[in-house]
Amino acid sequence: MKNDFIQELYNLYSSKKMKNFFEFAQGEKRALLEFKLAKGDISPSDLCQKLSVSKQRITSILNSLYEKKYITIHIAENDRRKTNIKLTPNGKKYIDKLIAYVLTDLNKIINKISERVDIIIVDFHAEATAEKIAMKHHLDGKVNFIFGTHTHVQTADEEVTEKGT
């Protein structure tokens, strides 16, 4: 039974559904997610830091997103050396649809795993605290324990949520 479960987890990990999750870690989908989470415009250098990729890779990602009309790129009026990027309505619609799709798949995965195990622990690797809090709300009552990694400043903000997670 243990080997069957390990094989099932491997199959899940290798599936197209999981590839959608991984694409949020880097590349175009991650860049779109960063634009959505940004309070305003975001610069290419800020994006390099957030995605941990080179300037050349960011240029490639931005060119592709611009061609797809998911972002606008404009030069700052007060400092012509700065380029700012903003999500277009098309880009917002695309990323919102993708997030809904990924969360639906996540729910299916959690439901499938919960049929086989008594305890589900989620290690959620995210840049921003807000991302971790959002995932906490989404998974509340569906998993037993969530912890967020990729923390630059250690915090002591553990809690038991409303639904017992």
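Reader: Why is Glu34 called buried?
Author: Its relative accessibility is 5%. Buried means under 20% relative accessible area, exposed means over 50%, and partly exposed lies in between (1.4 Å probe, protein chains only). Glu34 therefore counts as buried. This is a predicted model, where local features need pLDDT of at least 70, side-chain atom pairs count only at pLDDT 80 or more, and totals for chains, interfaces and linings use all residues. Residues are numbered from 1 along each chain as its sequence is written, and side-chain values use heavy atoms, with hydrogens and water left out.

Reader: What makes Glu34 and Arg30 a salt bridge?
Author: The closest N and O atoms are 2.6 Å apart. A salt bridge needs a side-chain nitrogen of Lys or Arg within 4 Å of a carboxyl oxygen of Asp or Glu, so Glu34 and Arg30 form one. Arg30 has a relative accessible area of 11%, so Arg30 is buried.

Reader: What makes Lys68 and Glu28 a tie between parts of the chain?
Author: They form a salt bridge, with the closest N and O atoms 2.7 Å apart. Lys68 lies in the loop between H5 and strand S1 (71–75) and Glu28 in helix H3, so the pair ties together parts 40 residues apart in sequence.

Reader: Why are H4 and H5 called roughly perpendicular?
Author: Helix H4 (residues 44–51) and helix H5 (residues 55–67) pack at an angle of about 110°. Angles of 65 to 115 degrees count as roughly perpendicular, under 35 as roughly parallel, over 145 as roughly antiparallel and the rest as oblique. H4 and H5 are therefore roughly perpendicular.

Conventions:
Axes fitted to C-alpha atoms, helices over the stretch in contact; angles between N-to-C directions. Helix = DSSP H or I, 4+ residues; strand = E, 2+ residues; numbered from the N terminus.
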